[in-house]
There are 2 protein chains.
Amino acid sequence: MGDTSVAAGIEDATGDPRRRPLTARQLAALIGVSQSAVSRAFTPGSSISDDLRQRIRHSAREFGYQPNAIASMLTTRRTNIVGIVVSSMRNPFYPVLIESLTQGLQKVGLQSLLFNITPGANVEEQLFAIRSYNVDAVVVIGATVLSDKDLAWATEGRKSVILNRRTTEDTTTICCDETAGVRAVVDHFHTLGRKRIGYVAGLSKTGVGMERHTAFVTRLAELGLRLAGTAGYNDYSYPAGWRGALDLIPARPDAIFFASDILALGGSDALRLEGGVRIPEDIAVAGFDDITMASWPSYALTTYRQPIQQLVDQTVTRIISSAESGGRHVSIPGELVIRASTTGQATSSPEIGHGGAWTAGSDGHISGRP
Amino acid sequence: MGDTSVAAGIEDATGDPRRRPLTARQLAALIGVSQSAVSRAFTPGSSISDDLRQRIRHSAREFGYQPNAIASMLTTRRTNIVGIVVSSMRNPFYPVLIESLTQGLQKVGLQSLLFNITPGANVEEQLFAIRSYNVDAVVVIGATVLSDKDLAWATEGRKSVILNRRTTEDTTTICCDETAGVRAVVDHFHTLGRKRIGYVAGLSKTGVGMERHTAFVTRLAELGLRLAGTAGYNDYSYPAGWRGALDLIPARPDAIFFASDILALGGSDALRLEGGVRIPEDIAVAGFDDITMASWPSYALTTYRQPIQQLVDQTVTRIISSAESGGRHVSIPGELVIRASTTGQATSSPEIGHGGAWTAGSDGHISGRP
DNA sequence: CCGTCACCTGCATCCGTATTCAAAGGGCGC
DNA sequence: GCGCCCTTTGAATACGGATGCAGGTGACGG
């Protein structure tokens, strides 16, 4: 349980007795006030005069005092830490989501403790860790590795938000509006006159994959379109998309919807490089997520953009609000992004986000260029 | 300093008085032993009989007791938390590195607290946080946003490892052997008979970019090859690679070395889609890192693979060892991965890592396929 | 049979801060 | 001038577990 730590062998970094940081009591003694005063100087909303607070904070800077967050966690029973549970960052959608989430949390003074739950590994140990670290909230991203039971145990007694995953447990889940997204894509195919539509799926279990698939089949039926076929390899990855697309070729689809962009990228390459298929002339292709690469001119992938910022905002809001933790299912609409993989219209060159340009002569010297 | 927390407004998740978890003292009372005994039952290597330990741990499971990690941090002065400082996860190399690192740390019982330092943002606040959370060690990944001074302050008094970045401070840095890598690539170009080689750089300051550039120019000179030109946009990104590659076309290179894979991908697309260049017939292309996408058949990018697992292993080793924190520069060789972007030889289809295959009929029902 | 010693166990104390409570000080109205 | 109340401050205690120290037990040798 708690003693599996090989790091019990972690040792002190400095040979000499590491100078312990100043404590509130010491600082208080130095400047002739009480420890309480020091504590109050760093506690927003506490009863202390502006004058004293300024004086103490000034001395704190001078002597290098910083409140010990660990100690205050013990008394306040709040860690200001959010546990982020994730099972893989291989799908490019996740790093961006995690980055946004981390930054969103930072903005409100929360830190992110990352729990990487890998399939075969020490799942139980990690779940124990989540609990013993007393995180204020848990955000689960995908992580279909975890059973609903595991999930419930990990989030028991604390706020939690589940992103991009379904669960039968009574917790808040926040997702992009999968159904609307899938419909938008299918409708787009329909508008373009495509009749035989194939589907390449990702995971089939607790993820949002099932929903996308259901919505897809439903919408197809509503529009009277033909499901050319379905393929999937229980994995959201480029190779899975590659093989899934090839599997569908015999069914002669004129459009393929991939359950996620990363699948679509693999599928597109397979179609073009191995299948000899032209996109979108022979087969139109669309994905879901709008990862960075979807916008690369080499793919120009039509896709449904997940509203990352809003997903994050909602997540942060629910974490810092006092709302009961009971289950709420938030569904946020995304946005259909139409690119050449369905329309064939060329896309413009990518734009550089930031940073100045510079070039250098053949002598290798690099010089600035405004 | 410590009071900027908007999350001070974080509120209790449950309306009813949240049942506090069992404490060691309570458990001790329940089973008629002392609190010390409970503590020892969960402290490896402490003086306690096997019998008692088993009994206590058994009751702990029964009553749902778990040691409070926060409380033990206070007395042991060890958090078993490693701060991971990162500035962006946009370059696909980083998510994989972070994932590996997190898992490597987990294996030895360490958790990862993620600090996302963004350019314009609350850098100072984050640095304060790193210190006040008393992390046992700090791992800085890239993060050229931070000045050497910031770095020193954040890592002061604790173990630290800097990955993929240079610093004048006296800390351990662990990098792939940039020089060997660049040489391997240049030599490869040379072997292929390429004579006019261009270079597309990334960041120019504290990153490893300068080293790669220096090594490149040096090796070129040694082999008597011609530097066709250098371009760069102070950014490791696809668009930067795109524009950098286009900048070089007038110089008529027959090979281009990109300072990182993500640049190379953008560059390759620019060359093919906008420049009308054939790869590798007209221009051979190589990158650095070996990110996942480099192996995609659409790019089949020759590159120098960073030894991620070894970088992680070294990092973890240094963190859990008692070695003095003084500066050591570890340089680990990677591996040249030759693909079609230089040789033109076709690459095989991508392989699916895991997960079973399944397909479905046109009725939308998904069935397993072994 | 008693002394010695190794091994366990409990008691008391400490980690560094938040917070309750009481007391001190100041301002104000009557 | 006095009482009252509000603000500000310090003393004391709690948070939950780790650990030094001393006491207790049993084994073993002499």
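Around DNA strand C, the nearby surface draws at least two residues from each of helix H1 (24–31), H2 and H4 of chain A and from each of H2 and H4 of chain B; helices here are DSSP runs of H or I with at least four residues, strands are E runs of at least two, and both are numbered from the N terminus. This is a predicted model, in which local features need pLDDT of at least 70 and side-chain atom pairs count only at pLDDT 80 or more, while totals for chains, interfaces and linings use all residues. Residues are numbered from 1 along each chain as its sequence is written, with chains lettered from A and ligands numbered from 1 in the order in which they are written.

H4(A) gives the most to the surface near DNA strand C, namely five residues. There are 27 residues around this DNA strand, and Ala24(A), Ser36(A), Ser39(A), Ser72(A) and Thr75(A) come nearest ("near" asks for a C-beta atom, placed from the backbone, within 6 Å). By class, the surface splits into 10 nonpolar, 14 polar and three charged residues, where Ala, Val, Leu, Ile, Met, Phe, Trp, Tyr, Cys and Pro count as nonpolar, Asp, Glu, Lys and Arg as charged, and the others, Gly among them, as polar.

Turning to DNA strand D, 28 residues sit around it, with Thr23(B), Ala24(B), Ser36(B), Ser39(B) and Ser72(B) coming nearest. Here H4(B) has the largest share, at five residues. At least two residues each come from H2 (35–41) and H4 (69–76) of chain A, and from H1 (24–31), H2 (35–41) and H4 (69–76) of chain B. The tally is 10 nonpolar, 15 polar and three charged.

Elsewhere in chain A, H8(A) (178–191) packs on H9(A) (209–223) at about 40 degrees, with axes 9 Å apart; axes are lines fitted to C-alpha atoms over the stretch in contact, and angles run from 0 to 180 degrees between N-to-C directions.

As for strands, E9(A) (284–289) and E10(A) (302–305) pair in parallel over four bridges, pairing being at least two DSSP bridges. Ala286(A) is bridged to Thr302(A) in E10(A). E10(A) also runs antiparallel to E12(A) (335–337), joined by three bridges, and Tyr304(A) has Leu336(A) as its partner there.
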